[in-house]
Amino acid sequence: MTTPLVSSLPQWKALSAHAENLRNVHLRDLFADDPDRGERLGVEAAGLHLDYSKNRVTDTTLDLLVELAEAVGLRDAAGRMFSGEKINVTEGRAVLHTALRATAGQVVEVDGVDVVPGVHAVLARLGAFAEKIRSGAWLGHTGQPIRTVVNIGIGGSDLGPAMATLALRPYATDDLDVRFVSNVDGDDIAEKTRGLDPATTLFIVASKTFTTQETMANAATARAWLLDGLKDQAAVARHFVAVSTAAAEVEAFGIDTENMFGFWDWVGGRYSMDSAVGLSLMIAIGPERFEELLAGFRAMDTHFRTAPLRENAPVLLALLGVWYTDFLGAESHAVLPYAQYLDSFADYLQQLDMESNGKSVTVDGQRVDYATGPVVWGTPGTNGQHAYYQLLHQGTRLVPADFIGFAHPGNEVGDHHDLLMANFFAQTEALAFGKTADEVAAEGATGVLVAHKTFEGNRPTTTILGEKLTPFALGALIALYEHKVFTQGIVWGLNSFDQWGVQLGKVLAGRIAPELTSPAAPDLRHDSSTNALIRRYRSLRGRADA
């Protein structure tokens with residue numbers, strides 16, 4: 001039996017009608033009619049304050065959105081996820097990234113087995129290994145301590161730890177340089193190993209199956225680089241460790257399986273940063289700080305599970321996104337952190353959101369007749385202000401945006417932070433209220449300049465304000481968006497935990513790769529464009545019969 005599309009529900013139809021009534025209502029009017037709106041429309045969650053008052057919604061909008069969440073069974077769906085039910089139905093897996101931050105003694109079962117003791121056992125092994133590297137107790141093949149750690153992964157095994165390692169740089173040891181390689185483009189690993197000493201470099205190869213094409217190509221190159229410097233095959237065991245479950249493949253590579261750290265099939269790649277995939281991060285910031293990160297995740301998990309929907313930060317973020325995507329026609333969503341250490345946060349969210357909800361069929365295979373996941377993008381302020389904010393302020397597209405900021409910086413440098421945050425608050429005010437033609441004229445503008453200097457406003461933003469970007473705050477922030485994505489997936493009827501869309505290109509690449517390198521001209525059986533491009537590439541590479 002198939003589940004009706006969400007668009008067929010009366011709550012959806014009520015929102016459609018409501019959107020028509022609200023479409024031309026301006027935020028200026030909403031604030032004028034409700035002087036306490038800025039104080040009233042905000043929630044606290046795990047140390048983060050979420051102000052959603054500058055969104056184009058009324059109490060009626062919020063009531064209708066919450067009714068929609070209730071109609072699709074959000075609470076029940078969340079309960080099934082947290083309890084270990086196999087909600088990833090296309091792959092037959094539980095979805096239990098939340099178990100990665102469960103407290104010792106908490107019980108979470110998959111197929112009748114409590115997974116929490118295993119999680120804590122892996123965390124203990126990770127912590128012990130991280131301390132060996134940080135203290136200098138772990139010695140390389142020539143007897144020298146490790147000075148550089150290079151994480152080799154891609155997707156979730158790269159984006160999460162890379163983002164968090166940068167985000168928490170003020171908490172990292174200065175004695176270690178932690179780098180990340182992901183792109184199969186050889187320039188990536190060439191640059192990341194440039195100037196390094198093989199005798200003091202440790203590689204972490206993160207691949208569950210140890211067959212990921214890009215990761216294993218980079219790992220093989222890293223091994224060749226190491227052996228070119230140290231001239232002894234035995235060096236591999238002292239300079240490579242693995243985050244994987246494929247013991248045979250890890251051992252065949254030359255890695256001691258005692259230095260293999262596993263995780264589980266109920267941990268999706270884009271949700272794996274707080275598993276063994278976060279080993280590079282743990283080495284950078286230490287096990288105690290890593291536990292603070294987990295505590296932040298845990299606090300947001302608790303908030304999501306227990307807070308009423310109308311006061312639930314991830315749910316509100318999600319429902320606002322549904323509102324703009326499906327009822328007001330927004331196609332993208334900007335995430336704009338006013339924190340330089342969050343330089344990679346939007347990159348991380350692109351995978352979390354777009355790989356999860358970039359789907360056009362529901363869990364039971366029905367084609368949707370509504371928009372699903374938005375295009376997610378953004379860079380830190382104030383850099384973005386001098387790049388694309390012009391479009392946000394005066395362009396023709398509706399781009400809802402999340403502004404993320406903190407009261408205290410990672411580094412107190414003169415009055416920089418107050419200036420940064422002045423821009424932070426000013427931008428959301430300007431986007432919401434703009435400047436009318438009358439106001440422009442009153443400032444002395446005349447003629448055509450009035451039109452050019454008029455700002456329509458009514459551009460929606462949500463502000464997320466924390467005290468400081470600590471490990472705890474980062475964990476809470478990531479979990480906020482994890483549960484937001486989950487909520488939207490439930491509303492849209494999607495499986496947010498598979499990613500079949502990434503497979504086709506990989507399969508075709510596997511077919512094309514030998515056609516690019518074959519000594520003789522291959523028998524090309526692609527479309528005429530692809531065939532012509534392959535022939536041109538072979539010619540440019542000087543290969544025979546191109």
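In this predicted model, Ala242 has Met260 of β9 as its bridge partner. The link belongs to a pair of strands: β8 (residues 240-243) and β9 run parallel, joined by 2 bridges.

Step back to the whole sheet. Its 5 strands follow the order β6-β5-β7-β8-β9. The sheet is open, and the pairing is parallel. β6 (177-181) and β9 (260-261) are the edge strands. Each has a single partner strand, so one side of each lacks a neighbour in the sheet. Helix α7 packs on this sheet, where it touches β5 (148-152), β6 and β7 (201-206). The direction of α7 makes about 150 degrees with that of β6.

α9 gives the largest share, 3 residues. The volume of this pocket is about 940 Å³. It is lined by 37 residues, and Thr212, Gly269, Gln499, Gln503 and Lys506 are the closest to its centre.

Now turn to a helix pair. α5 (residues 74-82) packs with α13 (residues 287-306). Their axes lie 10 Å apart, at an angle of about 140 degrees. The two helices are therefore oblique to each other. From α5, Arg75, Ala78 and Phe82 make the contact. From α13 come Asp301, Phe304, Arg305 and Thr306. The contact residues divide into 3 charged, 3 nonpolar and 1 polar.

Conventions
Residues are numbered from 1 along each chain as its sequence is written. This is a predicted model: local features need pLDDT of at least 70, side-chain atom pairs count only at pLDDT 80 or more; totals for chains, interfaces and linings use all residues. Side-chain values use heavy atoms; hydrogens and water are left out. On a 1 Å grid over the protein atoms alone, a cavity is a set of points where a 1.4 Å probe fits but cannot get out, and a pocket is an open set with protein on both sides within 12 Å along at least five of seven lines; lining residues have an atom within 4 Å of a point. Grid points are joined across faces, edges and corners, and a volume is the space filled by probe spheres set on the points. Helices (H or I, at least four residues) and strands (E, at least two) are DSSP runs, numbered from the N terminus. Axes are lines fitted to C-alpha atoms, for helices over the stretch in contact, and angles run from 0 to 180 degrees between N-to-C directions. Angles under 35 degrees count as roughly parallel, over 145 as roughly antiparallel, 65 to 115 as roughly perpendicular and the rest as oblique. Contact means heavy atoms within 4.5 Å. Ala, Val, Leu, Ile, Met, Phe, Trp, Tyr, Cys and Pro count as nonpolar, Asp, Glu, Lys and Arg as charged, and the others, Gly among them, as polar. Two strands pair if DSSP finds at least two bridges between them.
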